[in-house]
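Subject: Structure handover

Hello,

My notes on it follow below.

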Amino acid sequence: MNEIDAVILGIVQGLTEFLPVSSSGHLEIARTLLKTDQLPSDNLLMTSLLHFATALSTILVFRDDIFGLFKGLFFRDNKSISYIIKILIGIIPAGIIGFLLGDEIEFLFSGNMNLVGLMLIITGILLFLTKVYKPKNFKLSRNHALIIGLSQAFAVIPGISRSGATICTSLFLGNNKSEAAKFSFLI
């Protein structure tokens, strides 16, 4: 991969990360169109680096929320501590999947456009269904956090949007839209 390819992939990542579309799926499509001849492990490394940069921007965008949670943790604010526990519960499933299935996940980043296309269609269907489904405005619970975390773990497949899957799942569980988006990006 040359520098121009890396810049193009960075632009694709930047344009797609904060939308409920799969940035990893779009990166796989871009790699195929650019005809970058890489091993799946190289694709996964590049994808990881691009997502790390996005994580830094997410921290910047949500810095007030993150600071408030840490402040609440140190001053033993039960509401903040409860929310931090929910965040931890939400990230555990993806961590377990990543740890146990690392090699299998790496194989998914091998330019399989049929898989990516199918997963993009599934993401689209999930997003469409949220337009039909009426949220019930339940409060985010620990059980909800676990279920949302499971949907995040499923989103390791390129083409499944992580934010789309977690926000849709949260909405299907009856959480309101702003809470669903905030929790999605914090996990």
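A salt bridge here is a side-chain nitrogen of Lys or Arg within 4 Å of a carboxyl oxygen of Asp or Glu. This is a predicted model: local features need pLDDT of at least 70, side-chain atom pairs count only at pLDDT 80 or more, and totals for chains, interfaces and linings use all residues. Residues are numbered from 1 along each chain as its sequence is written, and side-chain values use heavy atoms, with hydrogens and water left out.

Salt bridges

The rule gives two salt bridges. Side chains of opposite charge can pair when their charged atoms come close.

One joins Glu28 and Arg31, with 2.7 Å between the closest N and O atoms. Both residues sit in helix 2 (residues 23-34), three residues apart, so about one helical turn separates them. Helices are DSSP runs of H or I, at least four residues, numbered from the N terminus. Glu28 is buried, at 1% relative accessible area. Arg31 is buried too, at 3%. (Buried is under 20%, exposed over 50%, partly exposed in between, with a 1.4 Å probe and protein chains only.)

The other pairs Lys182 with Asp65, at 3.8 Å from N to O. This pair links distant parts of the chain: Lys182 lies in helix 10 (residues 177-186) and Asp65 in helix 4, 117 residues apart. Lys182 is partly exposed at 27%. Asp65 is partly exposed at 29%.

Helix 4 and what follows

Arg76 comes after helix 4 and has a positive phi, near 55 degrees. Most residues other than glycine have a negative phi. Arg76 lies in the loop between helix 4 and helix 5 (78-100). Arg76 is exposed, with a relative accessible area of 69%.

Helix packing

How do helix 7 and helix 9 cross, and at roughly what angle? The axes of helix 7 (residues 113-132) and helix 9 (residues 162-172) come within 10 Å and cross at roughly 30 degrees. Axes are lines fitted to C-alpha atoms over the stretch in contact, and angles run from 0 to 180 degrees between N-to-C directions. The two helices are therefore roughly parallel (angles under 35 degrees). Leu126, Leu127, Leu129 and Thr130 of helix 7 meet Gly164, Cys168, Leu171 and Phe172 of helix 9 (contact: heavy atoms within 4.5 Å).

Best regards

Notes: Angles under 35 degrees count as roughly parallel, over 145 as roughly antiparallel, 65 to 115 as roughly perpendicular and the rest as oblique.
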